[in-house]
2 protein chains.
Amino acid sequence: MPRQRLGTDHLSSQAAILDIIRAAGTISRVELTQQSSFSAPTVSTVVRRLIDEGLVVEVGHGESTGGKRPTLLQLNPAARFAIGVHLDHGGITSVLSDLAGTIVARWKRPGIGSQEPPEVVDRIAADIRDNLARVAVDPERVIGVGVVAPGPIFQHTRMTLTSPFMERWTDFPLASALEDAIGLPVLLDNDATAAALGEYWAGAIDVRSTFAALYMGSGLGAGIVLDGTVLRGSSSNAGEAGHLCLDMNGPQCWCGARGCAEVLGGPQRVVDAAHDAGLALTGGDVLQDFAEVARAAGRGEEAAVAILRDSARYVAVCAQALANVLDLDLVVLTGPAFALAGSLYLPVVQQHLDATFFARESHSVEVLISSNAPEAAAIGACSLVLQSELSPRRPGLRAVEVALAAGS
Amino acid sequence: MPRQRLGTDHLSSQAAILDIIRAAGTISRVELTQQSSFSAPTVSTVVRRLIDEGLVVEVGHGESTGGKRPTLLQLNPAARFAIGVHLDHGGITSVLSDLAGTIVARWKRPGIGSQEPPEVVDRIAADIRDNLARVAVDPERVIGVGVVAPGPIFQHTRMTLTSPFMERWTDFPLASALEDAIGLPVLLDNDATAAALGEYWAGAIDVRSTFAALYMGSGLGAGIVLDGTVLRGSSSNAGEAGHLCLDMNGPQCWCGARGCAEVLGGPQRVVDAAHDAGLALTGGDVLQDFAEVARAAGRGEEAAVAILRDSARYVAVCAQALANVLDLDLVVLTGPAFALAGSLYLPVVQQHLDATFFARESHSVEVLISSNAPEAAAIGACSLVLQSELSPRRPGLRAVEVALAAGS
DNA sequence: CGATCATTCTTAAGGTACTGAACTAAGTTA
DNA sequence: TAACTTAGTTCAGTACCTTAAGAATGATCG
């Protein structure tokens, strides 16, 4: 007997209203009518439905402006939960987040390189069950699992990822396997894409903004969100800013091209440069070494600062490319690498955009560091699930819808 | 008394159906139900409305597949017309196009550098009237004028363009002035953006495709169309592929940045290089000189071929950047420069994408030369009007809607 | 302090768009 | 000619949204 999927009916109106409430944080019904394209009665009934479903709660009253005081509305964070799993070389980072994108629980397990995919899937499922029990969240309120990883993906077949670092996972039907193991719908996506959506969802970014999230973890990528909708492109591989060519005669990249931004200024390059400069590194994985470089820079070691600043110049050019192609008004720096060294990158990127963004006479491009940078990808994975279930979009969500349909 | 705006009601369904008919060329109602998300009865009624409005006509029957033969539908090209005006340094190119994007009339006038904007507006209006009379098109069937030009635009104020080549036009309210002069709604946009939409509209490109049009005229730009909707960004300045940075230490560009693709491989660079190589050029405007280089290459002159091939490498990297950021499945080369030398650029771009496109394991990126390359911008200007009136989109059309609202 | 007004939100009635089910139309197949 | 297949329409019902009017609640002012 199919449990009724909440929020799937009354699609457009529910989704739009909920999204405005989410972005606003706290808002009255009147303001909703102004910010949405709906009339007051429609807002009223939609809000009542949202309240009945428990997704929204009334939280007191606002100031009067000469008449009745408005009733203020907010998301009910505890109404639904989602699980986000980030597969990366360094390990599997998972979070349980509520409706507002706040982390309720987090756990991290060793990398995936050594085990076979089926074992990893079982481990992920077991960890999810354990952690749900630990924080006493009603499993009925968990609406799904988002799984994200770097690299190009073949989403239309519900297969998983193909990056040279994850060879083992090529042709393994991760989504369906995990669905079978855990009994929840599973969505699969790119980590940078997810991080961008997470920033939109949890970072209270305006519905109408045009922004990109530059994600730096063990690699460099970007996610793009336009009018609240993730830009996926024709095969869900949009946003590969790390493979913008910044030097036509540059070094070969693993992707097959030359002079990719990731090779010239990505985390691996930072670590290599630090090594060459004689900095003492533990020689762990890329991110651990990058963290040491960032700490050295934080202590004021000039070599480390110079290396990171050099990297920042390349990141800035990536941001410029994205801004010029997409006419952005916001760039968010996120991911573990920017969590460590964002304060050094931010001014470089901001100044570069101020000086070179093509339409700067028309408007500036704001640059921010995500407040959730370390777990951005995992939170983004949660947001994938939350948005697809609570605020589904018509265009551009093909892949997610396919996955949902197959997983319901 | 307000004349009823056709196609503005019943928005979503009419627009969707009409768009599918346009893309298909010829199609039956049954196929429409398959390709759209509507039921057979809905398609039936919507099609009847379109036929009543004269936008669509029945054109015989298709082959039977074991039952009743399907009635085939087509756009009625003569149902509506639009005017497209392309302002560029070399001159003002205008076309009158029908619903299918076919050129009915075209005219070209000298450049706009020497005259004051009000005079130019009067001349444009007079030319439009003359040419409508000449080809005997009922002015009632002309739904509007699209005006396009290179460079960044301030569309939200209905002002016009700001490029160093068009200083005179800064702060001149082109759209409103022309509306007053001609009595038709006027839309304003970037030339490359328009060219992309023109390619979509007149080039019968599939509704679901993700494509960009690289436009090379006197400069280099791009227009992006996703799911049939123009990507405009936050200020209608998206797609500035000519100002992607391909060399961080490259020469200064007029836009303020360094190493822009346009400077390194744009038409001006081709002309300059040809000059340096000792090719005889008449020294006219950029496009005329570019045409001579292209002809020289066509005759097999090695220096010219080498120069163009060099330019093509930069164009190819632009295409790669767009493809990687947007996950494109199609790149169209258009504009007068590619009309002249596209056959030389195309293989270079195609090979580069085949070798370096990030998601090439997932799908390839097709590269085509527009069949309307010489007048692509002007045809695109027509398409702006046609689409906004006949197949309006909700998201991303902010600027156009503002213009339409003000102009109705 | 009570009458009036402003503002917020809801109820009621009506219109539009879409759908499923049943039907007509027009062919093919045996 | 009868049975079947495919194309397209009619009809009644449903869901959603809107305008118009009303109810609730608080501010303002004589």
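What follows is a walk through a predicted model, from the pairing of its two chains down to single side chains. Local features were taken only at pLDDT of at least 70 and side-chain atom pairs only at pLDDT 80 or more, while totals for chains, interfaces and linings use all residues. Residues are numbered from 1 along each chain as its sequence is written, chains are lettered from A in the order in which they are written, and side-chain values use heavy atoms, with hydrogens and water left out.

Let us start with how the two chains sit together.

Now to the interface itself. Here 54 residues of chain B are in contact with 54 residues of chain A, contact meaning heavy atoms within 4.5 Å. The area buried between the chains is about 4,000 Å², and carbon and sulfur atoms give 61% of it; this is the accessible area (1.4 Å probe) that the two parts lose on being put together, summed over both. B:Met248, B:Val325 and B:Phe358 supply 20% of what chain B buries against chain A, more than any other three residues.

What is the count of salt bridges between chain B and chain A? It is zero, although the whole structure holds 14 salt bridges over all chains. The term stands for a side-chain nitrogen of Lys or Arg within 4 Å of a carboxyl oxygen of Asp or Glu. One of them joins B:Asp189 to B:Arg232, with the closest N and O atoms 2.2 Å apart. B:Asp189 lies in strand S8 and B:Arg232 in the loop between strand S11 and helix H7 of chain B, so the pair ties together parts 43 residues apart in sequence. (Helices, H or I of at least four residues, and strands, E of at least two, are DSSP runs numbered from the N terminus.) B:Asp189 is buried at 0% relative accessible area, and B:Arg232 is buried at 5%. Buried means under 20%, exposed over 50% and partly exposed in between (1.4 Å probe, protein chains only).

Compare the pair A:Arg29 and A:Glu58, which meet at 2.8 Å, N to O. This bridge links helix H2 to strand S2 of chain A, parts 29 residues apart in sequence. A:Arg29 is partly exposed at 23%, and A:Glu58 is partly exposed at 45%.

Helix H10 of chain B deserves a look too. Its 25 residues should span 36 Å, and its end C-alpha atoms are 35 Å apart, which agrees; the expected span is 1.5 Å times one less than the number of residues. Of those 25 residues, 19 are buried. After the helix comes B:Asp327, with a positive phi near 55°.

Finally, the cysteines. No disulfides turn up over all chains, a disulfide being a pair of cysteine sulfur atoms within 2.5 Å. The sulfur of B:Cys260 has its closest cysteine sulfur in B:Cys255, 3.6 Å away and therefore too far for a bond. B:Cys260 is buried, at 0% relative accessibility.
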